[in-house]
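Dear colleague,

I am handing over the structure below. My notes on what was found in it follow.

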Amino acid sequence: FAPDGRSWAAASTEGLLLFSLDEALNFDPTGLELETTPAAVVEAAQSGDFGRALPMALCLNEPGLLRGCWQLVPPEHIPIVAQQVPAPYLERLLRFLGGELERSTHVHAVMLWVQQLLLAHGQQLRDRPVAFEAPLRALHKGTRLRYEELGHMCNRNLFSLDFLIDQHGQPAAEAESGEQGGDESGAGTAAA
């Protein structure tokens, strides 16, 4: 039994059975092999084998490991790795990226991943819209929130820039008016 009483496990002759009241699975043994370990994921990611590292991280379903794995992929390799994401893990990766979009400061990287995943797996998304409804809504929500945040920040920056430009222009205008006034008074004394 889990400490919160929301899940439990039973060992039987058929194998290990995991039951939970929560929809999200913390552990999915589908495709799990003896070689699929956190150390193997880190090793594959550090050696540049991102097409192998990402599915293993998705299989283990550990957020920290998955976060470290997708962030190590260089931008020029994202299209290739996105095409190699197995179909059973696509929904999980999109859901994870939706959460990352709300929390992470790597907005551009997340958006690159989402774009490439949509390009590579668009037909699958169209064929099974119900299966991908929740992750796509999470992505939409995260995108909308980031758009609003960036919009407010840009507006504040525009107002700040306008203020700074006005402040920068005032001393020059005052100096010019002072010089013009000084010239007139100097010309008047010379004529007198």
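A nonpolar core here is a set of buried Ala, Val, Leu, Ile, Met, Phe, Trp, Tyr and Cys residues joined through side-chain atoms within 4.5 Å; buried means under 20% relative accessible area with a 1.4 Å probe, protein chains only. The model is predicted, so to be read with its limits: local features need pLDDT of at least 70 and side-chain atom pairs pLDDT 80 or more, while totals for chains, interfaces and linings use all residues. Residues are numbered from 1 along each chain as its sequence is written, and side-chain values use heavy atoms, without hydrogens and water.

The largest nonpolar core has 35 residues, with Leu54, Leu97, Trp113 and Leu117 making the most contacts inside it. At least two of its residues come from each of H1 (38–46), H2 (50–60), H3 (63–72), H4 (78–84), H5 (87–103) and H6 (107–127). H2 gives the most, 8 residues. Leaving out residues up to four places away in sequence, Leu117 touches Ala82, Val85, Leu90, Leu93, Leu94, Leu97 and Gly122, where contact means heavy atoms within 4.5 Å.

The protein chain has 7 helices and 2 strands, in the order β-β-α-α-α-α-α-α-α from the N terminus. These are DSSP runs: helices are H or I of at least four residues, strands E of at least two, numbered from the N terminus. Of the 192 residues, 27% are buried. Among contacts between residues at least 6 apart in sequence, 63% join residues at least 24 apart.

Regards

How values were computed. Buried means under 20% relative accessible area, exposed over 50%, partly exposed in between (1.4 Å probe, protein chains only).
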